[in-house]
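I went through this structure and kept short notes. The entries follow in the order in which I looked things up.

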Amino acid sequence: MVRCITVDDEPLALDILADYVAKVPELSLIASTTNAIEALTMVQNGEADLVFLDVQMPELTGIQFLKIINGKCDVILTTAYPQYALDGYELNVVDYLLKPIAFDRFYRSIQKVLNSKTPKTPLLTVTKQSDAVDFIFVKTEHKIQRVDIDDILYIEGLKDYISIYTAGERIVTLQNMKKMEDILPGNRFVRVHRSYIVALDKIASIERGRIFIEDKVIPVGDTYRDAFYKYIGDKNG
């Protein structure tokens with residue numbers, strides 16, 4: 001049973017969420033409040049597994065709330081404002097629901113929560129030719145998207161999500177760094193930090209433990225430092 005809190009400054013929005021939660025047997029609504037501080041206290045006390053969180057609230061915004069709890073529980077953002085989506089994903093929200101929220105969309109979010117607590121089915125497909133990976137398919141919010149290996153600059157890990165950066169876009173997908181590290185060709189990509197995998201052929205320069213790829217500066221983590229420098233040294237040899 002997933003213990004839920006709903007937080008919104010609009011009572012009608014709370015009523016709708018309460019009705020939706022009641023329809024899902026795996027969920028238990030332990031609190032429904034317009035007071036973000038009250039909800040924050042409950043999360044910090046370990047009383048909730050999942051929070052449905054509005055973004056724009058008077059005492060504390062949803063983004064501020066996320067930064068304070070720092071991953072203590074799962075969060076699904078509920079808002080009428082799409083511009084906060086990237087901020088939410090960077091702070092590791094499970095999902096981002098735009099109001100008015102339909103029940104089927106709500107239910108798909110719950111499935112993400114439930115699936116995260118059980119072994120995941122693969123969301124990433126690889127196509128190989130002569131044992132060389134040419135492209136991958138990743139599942140994004142509304143579609144399954146092809147990503148050509150040649151286009152990838154670097155990959156950034158965000159808890160259960162990753163961001164794949166190409167020259168033209170950022171692609172956010174539910175996946176983990178270890179899976180990406182295993183699936184990408186090791187002669188072309190290397191993990192340099194707990195949160196970063198880089199494409200070797202996209203590195204412009206390396207200086208004082210920092211990798212420069214276009215306008216991005218990526219740190220080399222202490223855990224990966226020796227292996228990375230040995231790897232590029234062997235390449236030069």
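I looked up T79 and found it buried, with a relative accessible area of 0%; buried means under 20% relative accessible area, exposed over 50% and partly exposed in between, with a 1.4 Å probe and protein chains only. The model is predicted, so I note that local features need pLDDT of at least 70 and side-chain atom pairs pLDDT 80 or more, while totals for chains, interfaces and linings use all residues. Residues are numbered from 1 along each chain as its sequence is written, and side-chain values use heavy atoms, with hydrogens and water left out.

T79 sits in strand β4, residues 74–79. Strands here are DSSP runs of E of at least two residues, helices are runs of H or I of at least four, and both are numbered from the N terminus. Leaving out residues up to four places away in sequence, I list D54, V55, Y96, L97, L98 and K99 as touching T79; contact means heavy atoms within 4.5 Å. A polar atom of the T79 side chain is 3.1 Å from the backbone nitrogen of Y81.

Next I took F212, which is part of strand β15, residues 210–213. Its contacts, apart from neighbours within four places in sequence, are K202, I203, A204, S205, E207 and V217. I also checked F212 against L98: the C-alpha atoms are 36 Å apart, and the two residues are 114 apart in sequence.

I then turned to a helix pair. Helix α2 (residues 36–44) and helix α3 (residues 62–69) have axes that come within 11 Å and cross at roughly 20°. The axes are lines fitted to C-alpha atoms over the stretch in contact, and angles run from 0 to 180 degrees between N-to-C directions. I therefore record α2 and α3 as roughly parallel to each other, the term for angles under 35 degrees. From α2 the contact takes A36, A39, L40, V43 and Q44, and from α3 it takes F65, I68 and I69. Of these residues seven are nonpolar, one is polar and none is charged. Nonpolar covers Ala, Val, Leu, Ile, Met, Phe, Trp, Tyr, Cys and Pro, charged covers Asp, Glu, Lys and Arg, and the others, Gly among them, are polar.

Last, the chain as a whole. I count seven helices and 16 strands. The C-alpha atoms fill a box of roughly 65 × 35 × 30 Å along the principal axes. Of the 237 residues, 45% are buried. Among contacts between residues at least 6 apart in sequence, 50% join residues at least 24 apart.

Technical notes:
Parallel < 35°, antiparallel > 145°, perpendicular 65-115°, else oblique. Polar contact = N/O pair within 3.5 Å; in protein donor to acceptor, adjacent residues only side chain to side chain.
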